[in-house]
Amino acid sequence: MSTQAAAPTRREQILREAARLFAERGFHGVGVDEIGAAVGISGPGLYRHFPGKEAMLAELLVGISGRLLTGGKRRAAEGEGAGLAPAEVLDSLIEGHIDFALDDRPLIILHDRELDRLRDTDRKLVRSLQRQYVELWVEVVREVYPRLAEAEARACVHAVFGLLNSTPHLGRPGALPGRAATAALLHRLALGAFGGAHGVDGDVNRAS
């Protein structure tokens with residue numbers, strides 16, 4: 001049985017290049033022809049996959065919000081099914097978000113800069129998915145740190161997301177430690193933030 005990842009579809013290639021170009025030059029600084037050239041097809045050929053740039057942007061931002069929520073739910077369910085302690089489930093959630101923060105930096109930039117360009121219905125959907133993702137974390141965080149009130153836990157989750165989502169601003173890729181070292185650093189910082197709010201040193205096993 002092959003363990004190779006499936007090759008990206010043409011639609012996925014288009015979205016990946018659109019995200020990169022939008023992040024580098026802004027939504028209005030990129031034309032359909034340029035996105036097409038990046039994937040080796042004519043600009044008009046893109047219309048067989050998307051009706052326009054706005055549809056690409058919506059699929060990118062709605063899509064990543066949905067994938068984060070789905071991934072978080074899967075990690076929480078797998079942890080519960082395996083009988084993991086809440087602290088281990090929190091570790092898994094942090095790891096999943098770090099993967100996003102390190103591997104999908106253009107989408108973080110897009111969310112910060114371009115969310116308001118979405119239609120109201122798409123923007124509301126993004127916000128709804130994000131709220132569900134936050135509440136998933138809040139539930140786990142309060143199991144790990146029971147002295148945190150719900151509002152405090154929610155504020156901590158938002159703060160940790162801000163910390164993890166700072167990756168586009170950490171400097172040139174070559175100036176950073178390797179991926180594994182950066183991921184480990186971000187993980188320690190996230191646990192330290194939760195532990196500091198709870199009044200412990202960040203070691204979730206000491207929370208009470």
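**Confidence, a helix crossing and one leucine**

The protein chain has a mean pLDDT of 90, and 90% of its residues reach 70 or more; pLDDT is the predictor's confidence in each residue, from 0 to 100. Over residues 204–208 the pLDDT is below 50, and this stretch has 14 contacts in the model beyond near neighbours in sequence, a contact being heavy atoms within 4.5 Å. This is a predicted model, in which local features need pLDDT of at least 70 and side-chain atom pairs count only at pLDDT 80 or more, while totals for chains, interfaces and linings use all residues. Residues are numbered from 1 along each chain as its sequence is written, and side-chain values use heavy atoms, with hydrogens and water left out.

Helices here are DSSP runs (H or I, at least four residues), numbered from the N terminus. The axes of helix 1 (residues 10–25) and helix 5 (residues 105–114) come within 9 Å and cross at roughly 55°. On the helix 1 side, A19, R20, F22 and A23 make the contact, and on the helix 5 side P106, L107, I109, L110 and R113. By class, this contact of helix 1 with helix 5 has 7 nonpolar, no polar and 2 charged residues.

L163 is found in helix 7 (residues 150–164). Its relative accessibility is 24%, so L163 counts as partly exposed, between buried (under 20%) and exposed (over 50%), with a 1.4 Å probe and protein chains only. Not counting residues up to four places away in sequence, L163 touches L186 and L189. The C-alpha atoms of L163 and A190 are separated by 7.5 Å, with the two residues 27 apart along the chain.

Methods. Helices (H or I, at least four residues) and strands (E, at least two) are DSSP runs, numbered from the N terminus. Axes are lines fitted to C-alpha atoms, for helices over the stretch in contact, and angles run from 0 to 180 degrees between N-to-C directions. Ala, Val, Leu, Ile, Met, Phe, Trp, Tyr, Cys and Pro count as nonpolar, Asp, Glu, Lys and Arg as charged, and the others, Gly among them, as polar.
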